[in-house]
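Welcome! Here is a short tour of a few spots in this structure, taken one at a time.

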Amino acid sequence: MASDDDEIHERLIEGFTERLQHIINVEEVLGYLHFIETARKEPIVQKLNTEGNASAAKLLISVVVGKPHTEGWFRAFVDALHHGGSKLAADYLESNPPDPEVEAENDYCVQLIQLLAPSLVDMKTEEVCTHCFSRKLLNDVDKDKILAETRNKGNRSGASVLLSRIVRCRPGWISEFQEILRITEHKRLYELTGGSPECIKPKKDAAAEDNPEAESCQGEESMEIDVTEGPPYDSTGLYASAEKFSIMENLHPDLSDCPAAEAAGTTKEGPKETDGFLRDYQMEVAQPALKGENIIICLPTGSGKTRVAVYITQKHLDSRRAEGKSGKVVVLVNKIPLVEQHFSTEFWPSLKPKYKVERVSGDSQLKISFTKTVERNDIIICTAQILENYLERADSGEDEGVKLSDLTLIIIDECHHTQKGGVYNHIMMRYLKQKHKNIKLKKTEKKLVPLPQILGLTASPGVGGANTLSKAEEHILRICANLDASKIMTRSLGKDKKEQRKSILTVEPRKEDPFGCVIKTIMNAIHEHAELSPTCDLGSQNYEQWAVQRERQAAKDGDQAVRVCAEYLRRYNEGLILSNTIRMCDALSYLNKFHEEQIKKKTTPDEEQNIQITETERFLFNLFKDKKEELEKLARDPKYENDSLSKLRTKILQEFSTREMARGIIFTKTRHSAITLSQWIQENPKFADIGVKPSHVIGGGDQSDTKPMTAAEQKDVLKKFRTGELNLLIATTVAEEGLDIPACNFVIRYGHVTNEIAMIQSQGRGRADDSTYTVVDVKNSGVAEKECVNEYREDMMNKAIQKIKALSQVNYNKQITEFQIQAIMEERMRQVKQKKKAIKDESPSAVKFSCRNCIQNICSGEDIHVIEDMHKVNVTAQFRKHFIQRENTSLQERRLDYETNGVIACKACGQTWGSMMWYRGIELPCLHVKNFVVNINGKKNSNYSKWSDLPVKFPAFDYIEHASLMAQSSDDEETE
């Protein structure tokens, strides 16, 4: 059992490594780690001297968790942390970490000290050190090192060491440090760190009893206001070394935007003033909202909609405060990066002097205490789903949650998404239902439930696919109804409008396309082998849809040969599309990677046993192998490249050679094309010669074969673009909407056009003077035609908005009410259908699962169990006989209680079935339903993509029972 404990302890340490490496004091802790040999300590000491504490701590942790372990190694490590002045690190390993809110506040306190370091190092170090030691913020070793540093290298150097030590203390150190600054008469430094300028406690009176914060001039509450509201940073990078504290330039690059920067005088600009900073057109569209009306503000991208929202927020809170009422504003966004963007660039800088601003998203620890976050702050910026979750919790009675009546203003960014099925619409449906209940309550003279004011922001409501003006008008009115808007406010920008030159570059058909001809030859050979007769052009979107449908039908029919052929045809079709969009070598690379993955599936991890290869699979392998050399030769010949790429090359060269400071965005359809276009530009010396510095920006979802981009990676690229380190972004649709991208002077849509909303928003990215907007056509994409349709729909949208604005208020209100009642009735019908669908009336025993590829019967529904209402696992011994396990680094994902770090695949054919997950110390095979054909009472279905679509309720996984069985089995093995 010792080995099981070791593994648990290893995982515990590894789970906290990112934080531990910044709060372990290596120099002291190393002296107490007697179970580590001297030879293994020497590299750690060397790294400490050359690279600093954090790097040394990371190496130390890897040595500690490295095998083999000596008996009692974990307890010895924790004891060393206690004795070595790293008690906070010990708390994490003893399952006693600070609460998330406390942890988050502590991180910001560390950031505050980091930011103020240039001022704080002027403290009277020896005097402050003595007080820190007496209050147990420092131990004997810390004290001696600080005093020695002060005497040898001066006061500022000693202060840097002191600061680097106290930030590793347990949370709560900041109030102690503030008090020390106060009693040592560092008045300016005391105030900088959040202490009150008035340090004399007033006598406690009735007013003080009503306001507990009036009792003290400093402490936890004041820190909550001054520290916890700054822009977020990676908490793992907060605990700087002494060297980092010593020079302001070495601080985190974002720290100049921190809340405390204003007090320290280190911000690039002073705090934003919200009064008087609106342009005339912005002030005009804001007027109805300033009077408390629900409205939609429709202004082009880059025209300052968010700034208008900030102004309205301030006036809303000011007016409520003047009336002696509290105000509560929630700003809703539909993408995680937008939470940080709105917080850091608009709301916090403008409103912090008066109001408490916080942000919460799926990436934030504060989401688990959202109710408290709402209570404690005036303005909360969050993703819409978080608010919806807590509204649902309040409705269901699960806990107190959040109610609409708790809020006084809701701002909905990109409000054109307030339509059927969207999370914005779910929130507004709650609003509309209560609004119409209030009408009934008013008639019976009962107390009304208060509802917040609504402010919607959009660059374009679109026309919803309408082909006529009346349908476009109806679409926009429905959005107005969903948002309960009394008006839709638009305004000509006049002299502020930036004129844009627009062009569409059509392409010439290839005179010769031998590369594409070879791929088509392969595809036709597959058609003949599988006896398939497609009716659409190869290399088109219609062909892809046909291939997907054939694959599903073949899986359902149990026709393995056709299913595999259809999958290969879909990939070759994608290769054809890529060869018309990007380089032939990129298309070939895509096909090569696919074939390598298919061949890898036919080999077990130890490579000792080959999985059976069918006649069809062997045919497909050989078909590509026979043509590969020819494809490689053709891919190297530039004369066969597509004309679209040539047009794009010319356009980029033109923009960068004719502008003094060019900055642009290229929009493309897929993540793969964004990455490969970026590589193409980087590898072409002509671009480098004229100063092109490219990078790609793609989405963060996992719905694609291409590895997604994390929010941190997106933020890093956009920051470099903003500072000029990059000047060309190649992006998917993720950059069309919302993200704060600086003014560009050219925008190119490369072979990808969607709807009029996307067109308007991508055009809006070209905000600089004399900007251009170019559409580059790609073979079979039809983008030139689509762009013309979108221009027509944009014109139709503007006419529809003007018609709506021309309606009398009585007529407008009548139509809005009708649409709202219709929406409520449709919502009720949807809920009825949803409840019927939620009834899982089929028995698990009626369900059978077979491999999607080889049709082998795998298991029954009785073998499936559910973890956390989400993960479907099969822990039977029989199931383990059917699969092999492979490592898949792209799949690695870690959560609080579980992680996935490999895939499971059919032992017979190599088809991927799901992932192997570690859940609370137990390895469990987790199944993905899309990889199976599901048979329910004899009826087969190959279309399931989500477990929730199955009409079956599977039993919950019994962790205790399974863990007990595993422990018993382990004991039996040891006995034997």
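## A glycine in a strand

Let's begin with Gly902, which is found in strand β20 (residues 898-906). Helices (H or I, at least four residues) and strands (E, at least two) are DSSP runs, numbered from the N terminus. At 1% relative accessibility, Gly902 counts as buried, where buried means under 20% relative accessible area (1.4 Å probe, protein chains only). The C-alpha atoms of Gly902 and Glu887 are 4.4 Å apart, although 15 residues separate the two along the chain.

## About the model

This is a predicted model, in which local features need pLDDT of at least 70 and side-chain atom pairs count only at pLDDT 80 or more, while totals for chains, interfaces and linings use all residues. Residues are numbered from 1 along each chain as its sequence is written, and side-chain values use heavy atoms, with hydrogens and water left out.

Next, look at helix α24 (residues 469-482) and helix α35 (residues 783-806), which pack at an angle of about 65° with their axes 9 Å apart. Axes are lines fitted to C-alpha atoms over the stretch in contact, and angles run from 0 to 180 degrees between N-to-C directions. The two helices α24 and α35 are therefore roughly perpendicular, a term for angles of 65 to 115 degrees.

## A covered helix

Finally, helix α11 (residues 155-166) is mostly covered, with nine of its 12 residues buried. Among those buried are Gly158, Val161, Leu162 and Arg165.

How values were computed. Buried < 20%, exposed > 50% of the residue type's maximum accessible area, 1.4 Å probe, protein only. Parallel < 35°, antiparallel > 145°, perpendicular 65-115°, else oblique.
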